[in-house]
Amino acid sequence: MRTMSAAVARRTALAAQGFGRRKPAVTTRRTVLDVLARTQLLQIDSVSAVVRAHYAPVFSRIGGYDRSVLDDAVWRHRARTPRRLVEYWAHEAALIPVEDWPLFRWRMAEYEHGRWAGMRRVLERNPTLGADIVDVLTEVGAATATQIEKHLELEKPRPRGSWWDLTDTKTICEQLFAAGTVSVSHRSGFTRYYDLAERVIPPELHARAVPRAEAVRELVRRAATALGVGTEPDLRDYYRMQRKQTEPAIAELVDAGELIPVAVEGWDRPGYLRAGAPAPRRIEGAALLCPFDPLVFCRPRTERMFGFHYRIEIYTPEAKRVHGYYVFPFLLDGQLVGRVDLRAERGNGRLLVPAAFAEPGHATPYTAAALAGSLREMADWLELDDVVLGDRGDLMPELAQLSARGSGLALGPVP
C-alpha cells in the first residue's frame, strides 16, 4: 500500500475540489459548469442567511459570477442552452448533472413507497392522491404544490375533515419527486414547480436505466473524482450510500486501477486515491466556504483532513452557540484558518460580520487581511455596499485595525 503524508492528502483533496487555481478574469457558463465537473453536485438548502447554499460553492472557487448562469443551467433552460443540471437526492437535496439521472434509478425505486416513515404514513392514508397529482400535472403542466391543491379542490370539492390538505399534497409531491415520477421544472424564488419527469429529463436519459451495481460503482468513481482521496466512509457519504454498496464497488475500482489504496499519515483507516488525481506542491488563495460546501459537508472528514471541528449552529439556542448562527469556514493557502459568522442584510445593503474567530496560531494580520479581501469580494458579488463588523472573536481586533485604515470594512453595531 502506498503511503501519503497528511499534507499531500490535503492538497490532493483541495485540488480535486477546484481550489488553488487562478480565478478566471471573466466568468462564463463554461467556468460555472466546470465547478460542477469537479464537485459533481451542489447541495441545496433553504437557509438564505447569506445566499442560497448552491450558489456559494461556485463563488468560493471562481469568485464573483452571475448567479443567473447557474439558474439557466438548471431552471431556465432554452433551446440553445439546454438543461445541464437537475434536482435530485444525491448528498441530500442537490443539483446534479442531468446526465447522472439514470444513475439514481435504483434510489428512485427504493423511494417508490416513501423516502421516510412519515411520508409512508401519508401515502397509506391517501392511496389515490399520487395518481390525482399526476393527472393534474398531465393536464396543466408545471405547478406548485399549492396550485395542485387548488386544482384538486376544483375537481373534487374538499369534504370537511378529508385528506385534501396542503401538507399531504406537498408531501406526496415530494414522494413523487423522490420516486422519479415527477421532477422540478423550475423555481420561483425557492418554490418548486413540479412536472412530469418525462417532460423535464431529456427522453434518452429518462428512458435509460442503469443496473444498481453499475450505477453505484459509477457514483463511487465520481465521489473519488470529487474528493481526490478519501476513506470508504468518505466515498459512501458523498452520495449517501451504504457500506454494503460501496465496499464491493471500491474493490472493483481498485482491481481496475482507478482507485489506489493509500495509507495516509494520521488516518485510522485506509484511504483511496483517485488514479491521476493531482497533488500540487502548494495551494494558494482564500475562500469563504458555506456550511454546505462539498469540501466541508462531511464533518468527520473535515476534522480528519484539516483538524477542524465544525458543527453548524443554526438549530442551537442562541445562548449556547459558540461561533454563531451561520458560520463560514475560512480557507487560506490550503488550511482552514478561521470561521466567520455572516449575514446578508439585503434591505440595507450590508454584509454583517457578527463574529470572526481564528484557529490556533492564525489570529494574525495576514489572516485578517486575506479575510477582509474575501469579505469585500463577497459583498460585491452579492451587490451589498457595506461590510459591517461586530465585536466577537479574536480576529476582530485585526479587522478593526484594517477598517481604520480604509479597507472597505466598517465597525458595527451588528444586531
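**A guided conversation about the predicted model**

Visitor: How many residues lie between β3 and β4 in their hairpin?

Guide: In this predicted model, strands β3 and β4 make a hairpin, with one residue between them. Six bridges join β3 (residues 85-90) to β4, and the two run antiparallel.

Visitor: Which residue of β4 does V86 stand opposite?

Guide: V86 stands opposite I96 in β4.

Visitor: What other strand pairs with β4 over two bridges?

Guide: That is strand β2 (residues 42-43), which pairs with β4 in the antiparallel sense.

Visitor: Why is β4 described as largely enclosed?

Guide: Strand β4 covers residues 92-97, and five of its six residues are buried, so the rest of the structure largely encloses it.

Visitor: Turning to the sheet of six strands, what is its order?

Guide: The order is β10-β11-β12-β13-β14-β15, in an open sheet with mixed pairing. Its edge strands are β10 (286-288) and β15 (409-411), each of which pairs on one side only. Direction ignored, neighbouring strands of this sheet are turned by 35° against each other on average.

Visitor: How many bridges link β12 and β13?

Guide: Seven bridges link strand β12 (residues 335-345) and strand β13 (residues 350-358), which pair in the antiparallel sense. The bridge partner of A344 in β13 is L351.

Visitor: Which helix packs on that sheet?

Guide: Helix α17 (residues 396-404) does, touching β13, β14 (386-392) and β15. The direction of α17 makes about 145° with that of β14.

Visitor: Now for helices α12 and α14: at what angle do their axes cross?

Guide: The axes of helix α12 (residues 212-227) and helix α14 (residues 243-255) cross at roughly 70° and come within 9 Å. The two helices are therefore roughly perpendicular to each other.

Visitor: Which residues meet there?

Guide: From α12, the residues are R212, V216, R217, V220 and R221; from α14, they are Q245, T246, A249, I250, E252 and L253. By class, this contact of α12 with α14 has five nonpolar, two polar and four charged residues.

Visitor: Why would residues three or four places apart point the same way?

Guide: An α-helix has 3.6 residues a turn, so residues at that spacing point the same way.

Visitor: Finally, which residues of helix α1 are buried?

Guide: Helix α1 spans residues 6-16, and its buried residues are A9, R10, T12, A13, L14, A15 and A16. Just after α1, G18 takes a positive phi of about 95°.

Methods
Residues numbered from 1 in each chain as written. Predicted model: local features only at pLDDT ≥ 70, side-chain atom pairs only at ≥ 80, totals over all residues. Heavy atoms only, no water. Pairing = 2+ DSSP bridges. Helix = DSSP H or I, 4+ residues; strand = E, 2+ residues; numbered from the N terminus. Axes fitted to C-alpha atoms, helices over the stretch in contact; angles between N-to-C directions. Contact = heavy atoms within 4.5 Å. Buried < 20%, exposed > 50% of the residue type's maximum accessible area, 1.4 Å probe, protein only. Parallel < 35°, antiparallel > 145°, perpendicular 65-115°, else oblique. Nonpolar A, V, L, I, M, F, W, Y, C, P; charged D, E, K, R; others polar.
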